[in-house]
Amino acid sequence: MGKEYANRLDTDDNTIEKQPKVSVVLIVENNEGKFLAQQRLKQPFYGFWGRLTGKVKFGEDLIHAAARELKEEAGLQADLRVSGFYHKMDYQKDTETLLEDKLFIVVYGINPRGKMILDDEGHHNEWLSHEELAKKDKQFESIVEITNLGKEPGVGYIERKYYYTTEEY
């Protein structure tokens with residue numbers, strides 16, 4: 001417990017530092033070239049479309065975290081690989097206050113299997129083409145960039161700041 005405390009301690013001013021939340025974001029492509037999309041039906045970002053995400057548990061390896069989230073939230077399994085890292089910082093538009101700091105491990109999946117859960121508590125899942133997703137009212141600005149990062153061979157990195165209104169967040 002002491003080492004965990006010391007890892008978060010700013011020794012210059014003796015305060016506990018906040019640290020980014022670590023999550024996986026899944027870019028899962030089916031055999032028809034469509035991608036798994038998820039609409040949030042809870043706050044924050046109610047109604048926004050994006051990719052399936054979930055927290056990495058303490059001590060959990062990244063592919064296992066992605067496989068667990070895919071199964072829990074969509075009822076699916078897939079062949080998965082880590083394809084990049086995406087650092088996303090969300091700010092309040094009018095005050096520029098940092099609201100959330102997230103580090104996503106981008107995981108690309110192919111050959112999805114299983115019976116997809118369409119609707120569950122807090123979200124709705126669909127297979128959508130890029131064009132179908134672009135027609136949705138609310139979508140995360142990062143969705144195209146993250147999807148492209150997921151599909152690329154090798155491992156990439158993106159870092160972005162986004163600004164949201166009180167209504168959006």
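Glycine 59 sits in the loop between S6 and H2. Those labels are DSSP runs numbered from the N terminus, helices being H or I with at least four residues and strands E with at least two.

Before moving on, a word on what's loaded. This is a predicted model, where local features need pLDDT of at least 70 and side-chain atom pairs count only at pLDDT 80 or more, while totals for chains, interfaces and linings use all residues. Residues are numbered from 1 along each chain as its sequence is written, and side-chain values use heavy atoms, with hydrogens and water left out.

Five strands make an open, mixed sheet, ordered S6-S3-S8-S7-S11; two strands pair if DSSP finds at least two bridges between them. Strand S6 (52-55) and strand S11 (156-164) are the edges, each pairing on one side only. On average, neighbouring strands here are turned by 30 degrees against each other, direction ignored.

Zoom in on S6 and strand S3 (residues 21-28), which pair in the antiparallel sense over four bridges. Pick valine 25, and its bridge partner in S6 is threonine 53.

Then show the helices. Helix H2 (residues 62-74) lies across S3, S6, strand S7 (77-92) and strand S8 (98-113), at about 90 degrees to S7. Helix H4 (residues 143-151) lies across S3, S7, S8 and S11, at about 145 degrees to S7. The angles run from 0 to 180 degrees between N-to-C directions, with axes fitted to C-alpha atoms, for helices over the stretch in contact.

Select serine 142 in the loop between helix H3 (130-134) and H4. Serine 142 counts as buried, because its relative accessibility is 5%. Leaving aside residues up to four places away in sequence, serine 142 touches Tyr86 and Tyr162 (contact being heavy atoms within 4.5 Å).

Last stop: valine 155, in the loop between H4 and S11. Valine 155 is exposed, at 57% relative accessible area.

How values were computed: Buried means under 20% relative accessible area, exposed over 50%, partly exposed in between (1.4 Å probe, protein chains only).
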